[in-house]
Amino acid sequence: MRPDPSPHPPAAAHVALLVNTHALPPLSYLVPPKLRRGVTTGSVVVVRLSGRPRLGVVVGLLPEGDERAREEILRVMESLRLPSTTLKLCLRVCEEAAAPPAPVLRAALPPGLGIAGYRVLESPAGWPWRPGELVSCAAARRALGAGLREAEAAGLLEPVPSLPEPDTVELAVITAAPEPDLSRAPRQRALLEALRRRGGRWRVDELLREASASRSSLRALVARGTVRLLRTPEPPPLLKGLDSEEPERAAADAARRVPEGGGWLWRAPARTHPAAAAALAAAAVSAGRQALILLPEMEMTELFVERIRRVLPKNASVAAYHAGMGRARSALYGAAMAGRLDVLVGTRSAALIPLGRPRPLLCVVDEPNEAHRAEPGYEGVPLHVREIALQRAAVEGGGALFLARCPSLVLYGRPGVHEIPPPPEPRWPAVRIVDMRGAGSPLSRTALEACRRALGGGGRVGVVGNRLGYATSMVCGGCGAALRCPRCDLALTVLADGLSCPRCGRREPTRERCPECGSGRLGPAGLAVGRLRQELSRSLSADNTGLLAGGRNLRADEAPVVVGTPHPVLSRRWDCVILPDADHLLLASPAGARERAFRLLHRAAEVARRLLIIQTRHPEDPVLRAAVDDDYPSFARAELGRLRALGYPPFGGLVAITLRGSEEEVRRAVESWVRPALQPGVELWGPVPAPPADGPYAWRLLLRSRERAAAARAGRLVAGRLARAGRMSVRVEVDPEEV
DNA sequence: AGCACGCCGACT
DNA sequence: GTCGGCGTGCTC
């Protein structure tokens with residue numbers, strides 16, 4: 001791409017290094033005269049940091065120079081430059097995610113970009129390399145050790161940035177030579193015919209397969225001079241439209257609004273999402289724009305690509321983009337950036353890919369899904385794709401369509417996001433809410449009858465336990481207290497071999513006596529999967545209840561009654577779904593828990609074909625009522641009111657910071673680095689032990705502010721201080737799901 | 001004195 | 001992220 005002509009060539013540039021740390025701000029480098037024309041914002045450059053070559057992106061130009069800039073930019077990658085809209089988008093995403101620039105810029109750059117090694121420019125006596133040779137960084141370091149820096153400074157070696165080379169394919173081409181006499185060579189004749197039918201130029205692998213010919217026949221044709229072989233880069237794996245059906249009517253009506261720009265929400269049920277994404281893709285193509293379809297999981301791509309192909313015209317193209325496609329991904333990047341590709345279907349790793357044509361349309365499928373966010377500490381941008389899509393629509397002027405029957409409240413409550421009238425939900429089961437007040441046994445007669453009908457061949461039943469293990473807590477029959485984790489003060493879960501804290505994972509032995517009152521009447525409370533299964537087997541005098549939990553899958557595909565944790569049970573369809581302990585969901589207090597409860601209850605109704613049975617001691621709970629009535633708006637109105645009063649997102653900013661280290665270390669770091677850095681209006685909570693996935697020595701801080709931007713700013717500041725202060729691992733998450 | 005280790009800031 | 005300086009504390 002040609003750089004913007006500038007009347008004043010830059011003397012220095014701000015470079016964001018592709019080094020993943022909160023501790024490095026963009027640094028200033030001198031622009032040597034010979035690179036002045038090549039360096040603009042968005043340029044990918046090689047610079048030296050502490051003597052080592054590093055890749056970076058130019059994020060600003062300084063016409064006057066900067067006294068801190070002493071090192072020069074060593075090289076510019078001529079073939080690659082981030083468009084100014086993409087760069088602007090990346091910088092906004094960094095701010096909003098409180099993330100260092102590196103992972104965000106990486107997401108917008110082609111995969112596999114790196115420093116390939118050193119080119120040998122001059123080779124003094126004793127060096128094992130010849131001039132012109134490419135030596136890997138590791139090999140150069142091994143051979144030269146400390147001499148590497150001097151060799152580089154002396155201009156003997158030059159760092160070389162690189163992109164992965166596309167795979168090549170072998171093509172067979174018919175030459176202009178006169179046709180030879182093939183009357184006695186039937187195989188060569190058939191091969192030549194097949195090649196001619198394909199226009200005289202075709203991939204060798206496919207040609208040989210289609211003509212069922214061998215390589216030797218082809219070699220013979222080459223020897224005659226009739227065919228010539230050549231190697232070209234493999235074209236990106238684009239699929240052409242099939243033009244075989246019209247976009248679905250309601251989806252097309254919804255998609256028509258999006259090209260105006262801004263954020264659009266369509267509360268469509270999950271099974272209609274492929275049709276909706278296809279309609280959006282068709283709308284984009286008919287307007288001459290590109291579309292980017294963002295899915296929460298890689299497994300969904302094929303389904304969406306096929307559905308989109310069917311509605312696209314034959315001259316339009318669609319491609320899948322995800323990890324695990326190797327070097328083809330970088331060819332697709334090139335096609336997307338050049339505007340040669342119409343529709344890209346990918347996961348969050350595709351969210352920031354530059355698209356060459358103006359005002360692309362975005363579609364975020366299953367918006368509330370948390371898989372749309374990279375977990376902080378792992379590769380990727382730790383910001384939900386919803387936020388990236390909203391920023392992208394704002395910066396590029398395209399539009400973003402969000403698909404979810406029950407969107408996140410953070411999106412639904414966001415000013416400026418327009419709702420498209422939702423389609424009706426035609427499939428809805430009968431719902432029985434069973435009032436469990438005063439009930440003696442954990443399973444009601446209604447629930448047991450449904451299971452008996454299933455055992456008698458009347459359809460299949462899915463029973464949702466609230467977690468793995470035997471019970472959610474041990475409660476004292478004398479004083480009513482639950483056994484709690486000494487660290488986190490949460491009720492301990494009962495597992496087969498002891499007690500466990502649901503937050504920090506700490507294990508405790510089972511007890512005989514209540515530590516509060518000394519009574520021996522400690523008993524299990526709450527219906528976890530193990531206990532439910534035991535109760536069911538006993539009450540039904542049947543052994544054929546399946547278990548579906550935590551990866552183990554015991555006869556779950558045949559058993560008439562299956563017990564499991566929410567995720568595996570609710571990702572299948574059942575004739576009847578039973579939620580034996582809805583109170584466990586409804587009474588959970590942390591922010592975000594009610595939203596999860598609503599979505600889980602709603603999901604249970606979606607996957608139940610005929611009947612949904614809910615056992616509760618709170619049959620009038622508004623969250624429960626709204627969920628079983630498929631009434632998201634009234635749930636959202638009530639819940640948004642509560643969130644507004646509490647100053648929670650979307651009405652305020654919340655940032656979670658996870659630190660690894662001993663309690664002592666973490667407390668010290670918080671007092672010396674975090675608290676002094678806080679601006680007025682930003683509250684600090686914690687540290688509290690972090691969820692078990694983060695290991696035994698992880699602690700969590702929460703920063704909260706009435707203003708979204710202020711919380712993110714505080715997150716950046718604190719992360720920077722902590723990263724500079726020590727080697728503690730620091731992870732920052734904006735709008736964390738769980739609080 | 002000699003060195004291993006951990007803390008902490010610099011790196012442009 | 002990566003390096004190197006410097007202070008602490010231990011060993012020969």
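Modeller: One term before we start: helices (at least four residues) and strands (at least two) are DSSP runs, numbered from the N terminus. And keep in mind that this is a predicted model.
Colleague: How do E15 and E16 run, and how many bridges join them?
Modeller: They run parallel, with four bridges between E15 (residues 317–321) and E16. For instance, Ala 319 sits opposite Leu 344 of E16. The chain gets from E15 to E16 by way of helix H11 (residues 328–337), in a right-handed β-α-β crossover.
Colleague: Which strand has Ile 293, the bridge partner of Val 345? Does the pairing have a sense, parallel or antiparallel?
Modeller: E14 (residues 291–294) pairs with E16 in the parallel sense, over four bridges. Within E16, Val 345 is the bridge partner of Ile 293.
Colleague: Are the faces of E16 covered or open?
Modeller: Both faces are covered: Val 343 and Val 345 are buried on one side, Leu 344 and Gly 346 on the other. In a regular strand, side chains alternate between the two faces of the sheet.
Colleague: New topic: which residues surround DNA strand C?
Modeller: Val 19, Asn 20, Thr 21, Ala 23, Leu 24, Leu 49 and Ser 50.
Colleague: How do they divide into nonpolar, polar and charged?
Modeller: Four are nonpolar, three are polar, and none is charged.

Conventions:
Residues numbered from 1 in each chain as written. Chains lettered and ligands numbered in written order. Predicted model: local features only at pLDDT ≥ 70, side-chain atom pairs only at ≥ 80, totals over all residues. Near = placed C-beta within 6 Å. Nonpolar A, V, L, I, M, F, W, Y, C, P; charged D, E, K, R; others polar. Buried ≥ 20, exposed ≤ 12 C-beta atoms within 10 Å, placed from the backbone. Pairing = 2+ DSSP bridges. Right-handed = clockwise from strand over helix to strand, strands pointing away.
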